[in-house]
Amino acid sequence: MSAFFELMRRDLRLAVREGGALTTVLGFYLIVVAILPLGLGPDLKLLSRIAPGLLWVALLLAALLSVGRIFHNDYEDGALEVLALGPLPLELVAGAKALAHWITTGIPLTLAAPVLGLLLNLPGEAYGALLLTMATGTPAVSFVGAIGSALTLGLRRGGLLLALLILPLYVPVLIFGVSAMNAVITGPASFWPPYMILCALSLASLVLAPIAAAAALRVNLG
Amino acid sequence: MKLILDNLACERGGRVLFSGLDLELAAGQGLLLQGPNGAGKTSLLKTIAGLIAPAEGEVRLDGGAGEAAVGEQCHLIGHLSGVKRALTVTENARFWARYLGDGAVGDALERFGLAELGDLAAGLLSAGQTRRLALARLLLARRPLWLLDEPAESLDTASRALLTDLIGGHLKAGGLVVAATHYQFGHDFSQKLTLGAQGAQAS
């Protein structure tokens, strides 16, 4: 197990050293959310009604910018080969790297979301639900993204293919994340049923995605 | 301990690189892989490590550590260094030491003449120094089987001599070495395997 945490620590340290990745992702999130009201016009009622959906879609697009990198750098410089020959099963290698990605990208995006909610006139009572659903949903974003990253490893223009492969898989997270928030804003449905399904999606991806990612890594390493 | 290749065949992109390869390598023996570019030297090394699934046959390490796969008992030093450019030399070495085993970081870096560069970002190292840092993995975790793919590439004369010493020491201690190289190391590899268009020829 120490190898697991050692790998995670290395990935966290690399993310801090290389820095630029997180800034790009947060910047992209900010820009997308900031230009949407310009396109939609200054209708505050409309904005606050569609704010949950916009915040979620923008978050998924922003996350998509960085998930490709989960395995890419280690593949390019050969570190992935050595990781595969280590004591850790490839499934746990994938899990550790996806977890590190969540900590360095998922959490910052979640924390930025309330600030961006202000730009979209998100109703006051929804901020708690926004933080909660995003904190719950972003692990699924990172872990499912790891599958895409592993699948598109050797490809030159993997980024676009990654979007095609992964965005459809994000649909359940998007639907239940947004419907949980809408339940809080407009009612009358309860917040909990969609939120619980979101929890289930996240937990399932935590268990299943590393297995799928490891299978893809095996193919690409050979 | 014995490395056994049993009727091994490897296929890459629909092309058979070698087939029916039988080979036994006992403890303390080295195997030198030779052959022209594209003959399948790297593929054979990766097959032994378990990164490439053999098209036929199997690779075994008799007398190794119980259930552990061959991959967990070998070092594969390939063309790519596996060195993270954003981490310092010491951080790279410390990570591999903790991840792969429990070697002493200081000793390994000292041995490869990297001790003074410990605080330097690995991205600033020259090609030869990067290779030396990759080779330091051999000492950072004790593993019986070394798979070396052109290990002498971009090394200077002194480092090549050091590598020759290390391989000699490892063989004497009962380790196994499989090296694909065009560089003539000082000591004799007890077995040679030439891969080529006509298939593998052992001698």
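Hi everyone, let's start at B:Leu162, which sits in helix H6 of chain B, residues 157-172. Helices here are DSSP runs of H or I with at least four residues, strands are DSSP runs of E with at least two, and both are numbered from the N terminus. In our terms, buried means 20 or more other C-beta atoms within 10 Å of a residue's own, exposed means 12 or fewer, and partly exposed is in between, with C-beta atoms placed from the backbone. From B:Leu162 to B:Glu116 there are 46 residues in sequence and 18 Å in space, C-alpha to C-alpha.

A word on what you are looking at. This is a predicted model, so to speak of a local feature we need pLDDT of at least 70, and side-chain atom pairs count only at pLDDT 80 or more, while totals for chains, interfaces and linings use all residues. Residues are numbered from 1 along each chain as its sequence is written, and chains are lettered from A and ligands numbered from 1 in the order in which they are written.

How confident is the predictor? For the complex, it gives an ipTM of 0.88 and a pTM of 0.91. The average pLDDT, the predictor's confidence in each residue on a scale from 0 to 100, is 92 for chain A, where 100% of the residues score at least 70. Within chain A, helix H4 (residues 69-76) has the lowest confidence, with a mean of 90, and helix H7 (residues 127-151) the highest, at 95. Chain B averages 87, and 95% of its residues score at least 70.

Now to where the chains meet. Chain A brings 20 residues to the contact and chain B brings 20 residues; two residues are in contact if their C-beta atoms, placed from the backbone, lie within 7 Å. On the chain A side, helix H1 (2-18) and helix H5 (79-84) each supply at least two residues. The largest share, nine residues, belongs to H1(A). Sorted by class, this side of chain A has nine nonpolar, four polar and seven charged residues. Nonpolar here covers Ala, Val, Leu, Ile, Met, Phe, Trp, Tyr, Cys and Pro, charged covers Asp, Glu, Lys and Arg, and the others, Gly among them, are polar.

Let's move to the sheet in chain B. Its three strands form an open, antiparallel sheet in the order S2-S1-S4. Strands S2 (15-26) and S4 (56-62) of chain B are the edges, each pairing on one side only. Two strands count as paired if DSSP finds at least two bridges between them. Which residues stand opposite each other? B:Glu11 faces B:Val16 in S2(B), B:Ile4 faces B:Glu24 in S2(B), and B:Asp6 faces B:Glu58 in S4(B). The hairpin of S1(B) and S2(B) has two residues between the strands, and there B:Gly13 takes a positive phi near 55°.

A parallel pair comes next: S5(B) and strand S6 (residues 145-149) of chain B, joined over four bridges. B:Ile77 stands opposite B:Leu148 in S6(B). From strand S5 (residues 74-77) of chain B, B:Cys74 and B:Leu76 point one way and B:His75 and B:Ile77 the other way, and all are buried.

Why is B:Leu100 counted as buried? Because it has 23 C-beta neighbours inside 10 Å. Not counting residues up to four places away in sequence, B:Leu100 touches A:Gly86, B:Leu140 and B:Ala141. B:Val59 is 41 residues from B:Leu100 in sequence and 21 Å from it in space, C-alpha to C-alpha.

Last stop is A:Ala146. Leaving aside neighbours within four places in sequence, its contacts include A:Val67, A:Ile70 and A:Lys97. Thanks, and I'm happy to take questions!
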